[in-house]
Amino acid sequence: IDARYAWLNHKLIEHYGLTEAFPKQVKEAKRLGPAANSRWYKLPLPDRTRGGVLTMGAPLVLTSTPLRTSPVFRGAWMLETVFNRPPPPPPNVTIPPLDGSKASAAGLSVRQQVEEHRRNPACASCHDRMDPLGFALENFDAVGAWRIEDGKHAVDPSGTLSHGRSFTSVEQFKDALLARREEFLRGFVEHLLSYALGRKLEYYDAPVVKQIVSNSAAGNFRFSDIVGEIVKSVPFRTIQDQELPKQ
């Protein structure tokens, strides 16, 4: 969520706009030529706008459309992939789709387009969860580069999370997530336990997830401790292979 370093090669240093922060690596890249991009550096970041998986270029590109960002896609991805609380399928009602070309022609910002799109009360409950997460990353364009304007509109990354904490910047957004880090930890443990068991988790797995998170707290939730707790858990130790059908 809030790593203070990043693994970067020369292309990423340029793409992230960090050439002034890392002049030594830029100078070395000029000396190495094309081979520079195969060299990776673990570098301390100059501020908190980058750092962590949420602000990496790859997921930011993955959750954008070909021509613009999508706060809805980014918010839904975060709910499902990071917190393991995916939003339900859209309601079976007729909702006008987001038409970027018409909205742009009308001079609407992405935030205004989404607000227009979510006016239907049947959609509001899910969008209230998704949209603030996505808008928090609006300073990153469709390919993950930093920006402060989207066309003629100033970027507005502000929002309020479902637990009531508000933010106006990426840094404050990270603070808001870290204030409720148990939500991230629960989702992470659920994903990892599901992978270890080779099945989806069920309601009766909830006490085991809670115990793994609790037992890992003593070591400040180190990855190795979480893995150890999963291996020691009852579901993992009693997993059974499915018997093959007789021919």
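I will go through the cores, then helix 10, then a single valine.

This is a predicted model. The largest nonpolar core has 24 residues. The members that touch the most others are Leu54, Met78, Val82, Leu133, Leu161, Phe173 and Leu177. At least two residues of this core come from each of helix 4 (71-82), helix 6 (110-117), helix 7 (121-135) and helix 8 (170-179). Helix 4 contributes the most, with 5 residues.

Another core lies apart from the largest one; it has 12 residues, including Val189, Leu192, Leu197 and Ile212.

Now helix 10, residues 206-216. Its buried residues are Val208, Val209, Ile212, Val213 and Ser216. Why do they sit on the same side of helix 10? Because they cover an arc of only 135° around the axis. The face turned away from that buried side carries Pro207 and Lys210, which are exposed. The cover over the buried residues of helix 10 includes helix 9 (181-197), helix 11 (223-232) and helix 12 (234-237).

Last, Val231, which is in helix 11. Is Val231 buried or partly exposed? Its relative accessibility is 40%, so Val231 counts as partly exposed. Leaving out neighbours within four places in sequence, Val231 is in contact with Phe236 and Arg237.

Conventions
Residues numbered from 1 in each chain as written. Predicted model: local features only at pLDDT ≥ 70, side-chain atom pairs only at ≥ 80, totals over all residues. Heavy atoms only, no water. Core = buried A, V, L, I, M, F, W, Y, C linked by side-chain atoms within 4.5 Å. Buried < 20%, exposed > 50% of the residue type's maximum accessible area, 1.4 Å probe, protein only. Helix = DSSP H or I, 4+ residues; strand = E, 2+ residues; numbered from the N terminus. Arc of directions from axis to C-beta. Contact = heavy atoms within 4.5 Å.
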